[in-house]
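Subject: Structure for your review

Dear colleague,

My notes on what was found in it follow.

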Amino acid sequence: MDACVLEEWGGSLSVESVPDPEPGPNEVRVDVRACGVTRTIENAIQGGLDDDPSLTPRIPGHEFAGIVDAVGEAVEGVTPGDRVLSYFYLTCGDCDRCRRGETNQCTNVGGWYGVNWDGAYAEQTVLPASNVLPLPEGATFAEGAIATDGLATPLHVCRRTDVTDRDTVLVIGAAGRIGIHLSQLAALRGARVLAAEITDERLEYVDSVTGPAVQPIDARGTDFAKRLETATPNGDGPTVVVDTVGDTDTLSDAWEALSMGGQIVSLTTHHDRSFAPPLKEFVASEASILGSRYATKDEVVRAARLLADGRIDPVVTERVGLEEVPDVHERIRSGQSHGMVVLEP
Ligand SMILES: [Zn+2]
């Protein structure tokens, strides 16, 4: 079969012919129908999640949906022909957190599908049976690919922060797949949304794909904090700030404008970023800083239902074949991407 292969962390991708993968006793083989080509995967390619040289060559890609083609002899509950979508973390299934259903907090995690295990930038992929989840009826494969991370992660953020109609949510990096779907989801929960971006093109893009509850806001320049205050009721500033990109300068401005009792959420997967407000101000404003770690398996399936039911609009900017994936990653690397590109091998 054909696949996009990474020879070494930080290197470039090439399309190669590789042996068809065979499922082990507890594994399933899936025909890949749609896989997101995303910034999270680019970060993984750069070694941002694990840079152990023994893990390469590697087929990346973790945000996919497809049809089960074959199952190992010990697999129960998954059969050929099932429509499935993927779960990113290689969870143990036995730890206290896994038993509680908080699978994103697995304390014995075996790494990431697509990083420590070959992923879905390929015609077929083999993965642990516990890493496939049922794709709800009515959801397309592209919607399944969006649900796996692009909407499941925002769903987890909204649960962590309990976003309601009382909130003004600032989304930093709103034109990316997480930002776009988070903006929509927060608006669906009744919140006002300020969608921050740093180029005219990205601001216009956000405006073109979101509804009236989402207001694009320019994050450039020294008066960003002032603009945030003017854009919120009573000049109080946003009650929830979600940083999807790890931009600590923009985050510092958002901290300046954060409302009393506000919450700051970080989703960054970059290991070289840090942000710490002065402790006294932190106490005086009764602020919360939250890390939000991916999503549970339940949230991945629920995200797919939101798309299947039409409650959230799936944002797909481009559909590509395997040959185009290396170029898409070049564009992501140079910051020239928005929304979600979907590979249909
Ligand atoms: Zn576990």
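Which side chain meets that of D149 in a salt bridge? In this predicted model, the partner is R177, with a distance of 3.5 Å from N to O. D149 belongs to helix α3 (residues 141-161) and R177 to helix α4 (residues 177-188), so that the pair, 28 residues apart, links distant parts of the chain. Both residues are buried.

Other salt bridges

The count of salt bridges comes to 21. One of the pairs is R227 with D223, whose closest N and O atoms are 2.6 Å apart. R227 counts as partly exposed because its relative accessibility is 25%, and D223 is likewise partly exposed, at 40%.

A further salt bridge joins the side chains of R331 and E318 at 3.1 Å, N to O. This pair also connects distant parts of the chain: R331 lies in helix α10 (residues 325-333) and E318 in strand β14 (residues 318-320), 13 residues apart. R331 is partly exposed, with a relative accessible area of 29%, and E318 is partly exposed at 28% relative accessibility.

The zinc site

The SG atoms of C92, C95, C98 and C106 coordinate the zinc ion at 2.3 to 2.4 Å. The site is tetrahedral, with angles of 103 to 120° among the 4 donor atoms. Along the chain, the donors of the zinc ion follow the spacing C-x2-C-x2-C-x7-C. C98 counts as buried because its relative accessibility, 10%, is under 20%, whereas C92, at 25%, counts as partly exposed.

Cysteines and disulfides

The structure holds 0 disulfides. C4, for instance, is in no disulfide, and the nearest cysteine sulfur, that of C35, is 9.9 Å away. C4 counts as buried, with a relative accessibility of 0%. C158 is buried as well, at 1% relative accessibility.

Annotated region

An unreviewed UniProt entry lists residues 10-343 as "domain: Enoyl reductase (ER)". Over residues 10-343, the chain is 30% helix and 21% strand. The end C-alpha atoms of this stretch are 21 Å apart.

With kind regards

Terms used: Residues numbered from 1 in each chain as written. Predicted model: local features only at pLDDT ≥ 70, side-chain atom pairs only at ≥ 80, totals over all residues. Heavy atoms only, no water. Donors = N, O, S within 2.8 Å, 3.2 Å for Na, K, Ca; no water. Tetrahedral: all angles 85-135°; square planar, octahedral: opposite > 155°, others 65-115°. Buried < 20%, exposed > 50% of the residue type's maximum accessible area, 1.4 Å probe, protein only. UniProt positions renumbered as here; feature names shortened; annotations may be inferred. Helix = DSSP H or I, 4+ residues; strand = E, 2+ residues; numbered from the N terminus. Disulfide = S-S within 2.5 Å. Salt bridge = Lys/Arg side-chain N within 4 Å of Asp/Glu carboxyl O.
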